[in-house]
Amino acid sequence: MDETEFWELIDTTREDAEGDAEDQADLLVERLMQLDPDGVVDFARHFESRYNRSYLWDLWGAAAVLLNGASDDVFDYFRCWLIGQGREVFEGAIHEPDRLADLLDDFDDEVDGDGEDLGFAADEAYEQLTGAETPDLGLPPLPSEPLGTPFDVDDDAVLAARFPRLWARFRE
C-alpha cells in the first residue's frame with residue numbers, strides 16, 4: 001500500500017461514515033480485512049508514522065482550543081481523529097495548526113476530535129485475519145516529549161495568542 005492508497009482508504013471510509021469517527025473505524029476494519037495481512041501492516045505503518053509525526057506542541061495546543069482542554073490521552077485520540085479527516089486537513093494542521101480554523105467545516109467538541117477507535121482499526125483487522133497481534137512496524141519510537149517549543153496547553157491566554165483564528169472561531 002502506498003501513501004495515495006492509504007489516504008484513499010481514509011477518505012472513502014470517512015465519506016461513507018458521514019464523518020462519524022466510530023463508524024469510520026468500523027468501516028476501516030471491514031475494508032482492511034479485504035486486504036492480505038501484509039497490506040494491513042502497510043496501512044498500520046502509514047497510520048502510525050502520521051500519528052508519530054503529529055506529536056507536536058502546537059498541534060496539542062490546537063487540540064486544547066478545539067476540545068476546551070486536552071489531556072495526554074485526549075491529545076492521542078485527537079491525533080487519530082485528525083488522520084481520519086484526510087490528507088488535506090492533516091497536512092494543513094501539521095504545518096500550521098491554526099489553519100484548522102479554515103480547514104474544518106464545523107467542529108462539535110461533543111462528537112468530533114476523538115478517533116481512538118481509528119487508532120486500533122489496523123490492529124483489529126490484522127488480529128481478525130491472522131489470529132495474531134500486529135507485528136512490530138519497524139518505526140522509530142515516539143519521543144518522550146512532543147516536538148517543538150513547550151508551552152502551557154492549559155493557559156487560555158497563551159492559547160488565544162498562539163492560535164488566534166482557532167480561538168476566535170471555536171472559543172469566543
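## The salt bridge of Arg-165 and Glu-96

Arg-165 and Glu-96 form a salt bridge, and their closest N and O atoms are 2.5 Å apart. A salt bridge here is a side-chain nitrogen of Lys or Arg within 4 Å of a carboxyl oxygen of Asp or Glu. The pair links distant parts of the chain, 69 residues apart. Arg-165 sits in helix α10 (residues 164-170). Glu-96 sits in the loop between α6 (87-95) and α7 (100-103). Helices are DSSP runs (H or I, at least four residues), numbered from the N terminus.

This is a predicted model, in which local features need pLDDT of at least 70, side-chain atom pairs count only at pLDDT 80 or more, and totals for chains, interfaces and linings use all residues. Residues are numbered from 1 along each chain as its sequence is written, and side-chain values use heavy atoms, leaving out hydrogens and water.

How open are the two partners? Arg-165 is partly exposed, with a relative accessible area of 32%. Glu-96 is also partly exposed, at 37% relative accessibility. The classes follow relative accessible area: buried is under 20%, exposed is over 50%, and partly exposed is in between (1.4 Å probe, protein chains only).

## Further salt bridges

Arg-165 has another partner. Its side chain meets that of Asp-102 in a salt bridge (3.0 Å, N to O). Asp-102 belongs to helix α7 and Arg-165 to helix α10, so named as DSSP runs. The two residues are 63 residues apart, and the pair links distant parts of the chain. Asp-102 counts as exposed, at 52% relative accessibility.

Arg-171 and Asp-156 also meet through their side chains in a salt bridge (3.2 Å, N to O). Arg-171 lies in the segment after α10 and Asp-156 in helix α9 (residues 156-162), so the pair ties together parts that are 15 residues apart in sequence. Arg-171 counts as partly exposed at 22% relative accessibility. Asp-156 is partly exposed too, with a relative accessible area of 39%. Salt bridges that share partners join Glu-96, Asp-98, Asp-102 and Arg-165 into one network. The whole structure holds 12 salt bridges.

Two packed helices are described by the angle between their axes and the distance between the axes. Axes are lines fitted to C-alpha atoms, for helices over the stretch in contact, and angles run from 0 to 180 degrees between N-to-C directions.

Helix α2 (residues 21-32) and helix α8 (residues 116-130) have axes that come within 8 Å and cross at roughly 30°. The two helices are therefore roughly parallel to each other. Angles under 35 degrees count as roughly parallel, over 145 as roughly antiparallel, 65 to 115 as roughly perpendicular and the rest as oblique. The crossing of α2 and α8 is right-handed. That term applies if the near helix is turned clockwise from the far one by less than a right angle; anticlockwise is left-handed.

On the α2 side, the contact is made by Ala-21, Glu-22, Gln-24, Ala-25, Leu-28, Val-29 and Leu-32. On the α8 side, the residues include Leu-118, Ala-121, Ala-122 and Leu-129. Contact means heavy atoms within 4.5 Å. By class, the residues of this contact divide into 10 nonpolar, 2 polar and 3 charged. Ala, Val, Leu, Ile, Met, Phe, Trp, Tyr, Cys and Pro count as nonpolar, Asp, Glu, Lys and Arg as charged, and the others, Gly among them, as polar.

## Ala-25 in α2

Is Ala-25 buried or exposed? Ala-25 counts as buried, at 3% relative accessibility. This residue of helix α2 touches Asp-117, Leu-118 and Ala-121, not counting residues up to four places away in sequence. Ala-25 and Gly-84 are 59 residues apart in sequence, yet 8.8 Å apart in space, C-alpha to C-alpha.

## Helices α3 and α5

The axes of helix α3 (residues 37-53) and helix α5 (residues 72-84) come within 10 Å. They cross at roughly 125°. α3 and α5 are therefore oblique to each other. Their crossing is right-handed.

From α3, the contact uses Phe-47, Arg-50, Tyr-51 and Asn-52. From α5, it uses Asp-76, Arg-79, Cys-80 and Ile-83. The contact has 4 nonpolar, 1 polar and 3 charged residues.

## Positive phi in two loops

Glu-18 has a phi near 55°, a positive value in a residue other than glycine. Glu-18 lies in the loop between α1 (3-16) and α2. Glu-18 is exposed, with a relative accessible area of 74%.

Asn-68 has a phi near 60°, again positive in a residue other than glycine. Asn-68 lies in the loop between α4 (57-67) and α5. Asn-68 is exposed, with a relative accessible area of 53%.
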